[in-house]
Structure formats: C-alpha cells, structure tokens
Amino acid sequence: MKKTYKIEVDCANCANKMEEAARKTSGVKNATVNIMTLKMTVEFDEGVDPKAVMQEVLKGCKKVEDECEIYF
C-alpha cells in the first residue's frame, strides 16, 4: 500500500535525512520526500497499520528536524 502525506520541511538536506529516517522505520518498504510539493510518499509493507507506522516515522523525522510535522 502506498500513501501520500503533507509534510513541513524547509531544506533539501533535512528532506533527504527525513526520507532516510522513514525508510529505516519498521513497516516501511520505501519512502520519498518531495520538497517542492511538501509531500512524503510512503510505501508500506503488507499487513502493517499505516497510522501506527507513521507515528514511528514522525518520531524519526523529529530527530532530524524537531519542528517537523506530518499530517496523516
């Protein structure tokens, strides 16, 4: 399953680090952050709860940028 979320990020380097953090999250198959559209696309492993996984993705992104917000 693939879903797209609105994300607040203002620098390309931070976007890359958030993308990397999301990819390392258990339950995430792949993730991309588009700084131009302020969107994060996440492809989930089969059988996971996207909301629960996104809570962990948000935690990882907040380690990169404390003020990061992902709207899901």
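Me: Which residue is the bridge partner of Lys-3 in strand 3?
Reply: In strand 3, Lys-3 has Val-42 as its bridge partner. Please keep in mind that this is a predicted model.

Me: And what is the bridge partner of Lys-6 there, in strand 3?
Reply: For Lys-6 the bridge partner in strand 3 is Lys-39. Both pairs belong to the pairing of strand 1 (residues 2–8) with strand 3 (residues 39–44), which is antiparallel and runs over 5 bridges.

Me: How many bridges join strand 1 to strand 4?
Reply: There are 3 bridges between strand 1 and strand 4 (residues 69–71), and these two strands also run antiparallel. Within strand 4, the residue standing opposite Glu-8 is Glu-69.

Me: OK, in what order do the strands sit in the sheet?
Reply: The order is 2-3-1-4, in an open sheet of 4 strands with antiparallel pairing. Strand 2 (28–34) and strand 4 stand at the edges and each has a single partner strand, so one side of each is left without a neighbour in the sheet. From one strand to the next, the twist averages 30°.

Me: Which strands does helix 1 touch when it packs on the sheet?
Reply: Helix 1 touches strand 1, strand 2 and strand 3, and its direction makes about 165° with that of strand 2. Helix 2, for its part, lies across strand 1, strand 2, strand 3 and strand 4, running at about 130° to strand 3.

Me: Then what about the two helices, at what angle do they pack?
Reply: Helix 1 (residues 12–23) and helix 2 (residues 50–64) pack at an angle of about 145°, and their axes are 9 Å apart. The crossing of helix 1 and helix 2 is right-handed. On the helix 1 side the contact is made by Cys-14, Lys-17, Met-18, Ala-21 and Ala-22, and on the helix 2 side by Val-57, Gly-60, Cys-61 and Val-64.

Me: Changing topic, which residues of the largest nonpolar core touch the most other members?
Reply: Those are Ile-7, Met-40, Val-42, Met-54, Val-57 and Ile-70, out of the 20 residues in that core. At least two residues of the core come from each of strand 1, helix 1, strand 2, strand 3 and helix 2, and helix 2 supplies the largest share, with 5 residues.

Me: What does Val-57 touch, leaving out residues up to four places away in sequence?
Reply: With those left out, Val-57 touches Ala-22, Thr-25, Val-28, Met-40 and Ile-70.

Me: Is Thr-25 buried or exposed?
Reply: Thr-25 is buried, because its relative accessible area of 12% falls under 20%. This residue lies in the loop between helix 1 and strand 2, and beyond four places in sequence it touches Val-53, Glu-56 and Val-57.

Me: Last one, where does Cys-68 lie?
Reply: Cys-68 lies in the loop between helix 2 and strand 4, and it is buried, with a relative accessible area of 0%. Not counting residues up to four places away in sequence, Cys-68 touches Ile-7, Glu-8, Met-18, Leu-58, Cys-61 and Lys-62.

Me: How far apart are Cys-68 and Cys-14 in space?
Reply: From C-alpha to C-alpha, Cys-68 and Cys-14 are 9.7 Å apart in space, while in sequence they are 54 residues apart.

Conventions. Residues numbered from 1 in each chain as written. Predicted model: local features only at pLDDT ≥ 70, side-chain atom pairs only at ≥ 80, totals over all residues. Heavy atoms only, no water. Axes fitted to C-alpha atoms, helices over the stretch in contact; angles between N-to-C directions. Left-handed = near helix turned anticlockwise from the far one by under 90°. Contact = heavy atoms within 4.5 Å. Pairing = 2+ DSSP bridges. Core = buried A, V, L, I, M, F, W, Y, C linked by side-chain atoms within 4.5 Å. Buried < 20%, exposed > 50% of the residue type's maximum accessible area, 1.4 Å probe, protein only.
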